[in-house]
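Good morning, and thank you for coming.

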Amino acid sequence: MSKPKVVLTHWVHPEVIELLQTRCEVVANPTRETLSAEEIRRRTADADAIMVFMPDSIDTAFLDACPHLRVVGAALKGYDNFDVQACTQRGIWFTIVPDLLTVPTAELTIGLMLAAGRRMLEGDRFVRSGEFAGWRPQLYGTGLADTTVGIIGMGAVGRAIAKRLAAFDTRILYTDPVPLSRQEEAAWQAEAVALPKLLSRSDYVIPMLPIKPETLHLIDSDALAQMRDGTILVNACRGSVVDEASVAQALDTGKLAAYAADVFELEEWARPERPREIPPALLEHPHTFFTPHSGSAVDAVRRDIALEAARNILQALAGDRPHGALNDPQVRKGA
């Protein structure tokens with residue numbers, strides 16, 4: 001009996017391929033580039049499973065072109081680029097890796113806060129310019145101690161950020177439908193408030209939300225107008241939670257002292273009207289600091305995420321319910 005075929009759309013660590021090869025024929029992507037949608041569809045036309053990543057998108061047309069699929073194993077947490085309902089209706093498992101991205105994303109968010117507040121990129125450029133001749137009273141910024149940080153969304157990543165900020169002697173304002181426990185609020189100096197109060201009282205504002213119709217452009221011109229002058233905005237959740245054009249204007253007026261981001265609107269492949277580039281006004285502004293969607297880009301973490309996605313695939317192909325299953329297929333192929 002031939003082995004089931006598994007397609008990997010992006011590069012993974014060798015350990016991931018070795019694990020899958022124990023029971024599968026693996027079609028890997030040895031490059032660090034994203035394959036075209038047409039090439040992924042071609043490779044998956046006769047495949048039993050596919051491991052997908054952030055730049056990928058699966059819709060009904062893709063599934064119709066790949067009739068043998070039994071499981072889509074996503075090496076990620078957010079899944080709005082994927083039609084889970086269509087998978088369910090076709091008897092295809094859809095799995096995610098919900099937990100392993102939390103800590104590295106929280107760490108990077110704090111790094112973005114420090115980089116933006118302390119104007120690190122400007123300092124780096126100044127030193128490299130050759131003009132630095134020693135200390136001068138310049139490039140004064142904002143630290144973390146004795147500041148108020150507003151976190152919009154206290155899910156796993158929001159909580160991890162708050163926990164780590166406690167060591168910096170910050171005050172936390174947060175908004176979330178589910179409040180923290182009294183013990184957590186006391187330990188993290190956290191207070192639940194309505195969004196307008198959070199926006200108007202915070203030195204740093206951190207949205208930490210999934211992208212949904214109600215969170216699209218949550219931070220728009222109206223929200224920015226409610227912030228105090230000189231606020232620092234940090235986005236490491238989803239690009240379209242923030243209206244980048246409005247952020248650029250707020251930087252020009254001084255409403256925002258700085259903007260740091262790891263995610264961008266152009267990455268929202270499920271949005272047909274998404275921008276196709278980062279606004280030049282943001283890229284050129286001296287008070288911005290960007291990283292290329294590196295929230296989980298810790299080598300060991302990315303290896304473990306792909307390994308967990310591979311285990312989900314193997315469980316599904318064996319006829320078991322995958323640990324990271326997000327659905328319950330109506331007709332389970334291969335059962």
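**A helix pair and a sheet**

This is a predicted model, in which local features need pLDDT of at least 70 and side-chain atom pairs count only at pLDDT 80 or more, while totals for chains, interfaces and linings use all residues. Residues are numbered from 1 along each chain as its sequence is written, and side-chain values use heavy atoms, with hydrogens and water left out.

Helix α1 passes helix α13 in a right-handed crossing (the near helix is turned clockwise from the far one by less than a right angle). Helices here are DSSP runs of H or I with at least four residues, and strands are runs of E with at least two, numbered from the N terminus.

Helix α1 covers residues 14–21 and helix α13 residues 299–317; they pack at about 10 degrees, with axes 9 Å apart. Axes are lines fitted to C-alpha atoms, for helices over the stretch in contact, and angles run from 0 to 180 degrees between N-to-C directions. The pair is therefore roughly parallel, a term for angles under 35 degrees.

Which residues of α1 meet α13? They are Glu15, Val16, Leu19 and Leu20, and their partners in α13 include Arg303 and Leu314; contact means heavy atoms within 4.5 Å.

Let us turn to the sheet. Five strands form an open sheet in the order β2-β1-β3-β4-β5, with parallel pairing; two strands pair if DSSP finds at least two bridges between them. At the edges are β2 (25–27) and β5 (93–95), each pairing on one side only. Between β3 (residues 49–52) and β4 (residues 71–74) there are four bridges, and Ala49 has Val71 as its bridge partner in β4.

How values were computed:
Angles under 35 degrees count as roughly parallel, over 145 as roughly antiparallel, 65 to 115 as roughly perpendicular and the rest as oblique.
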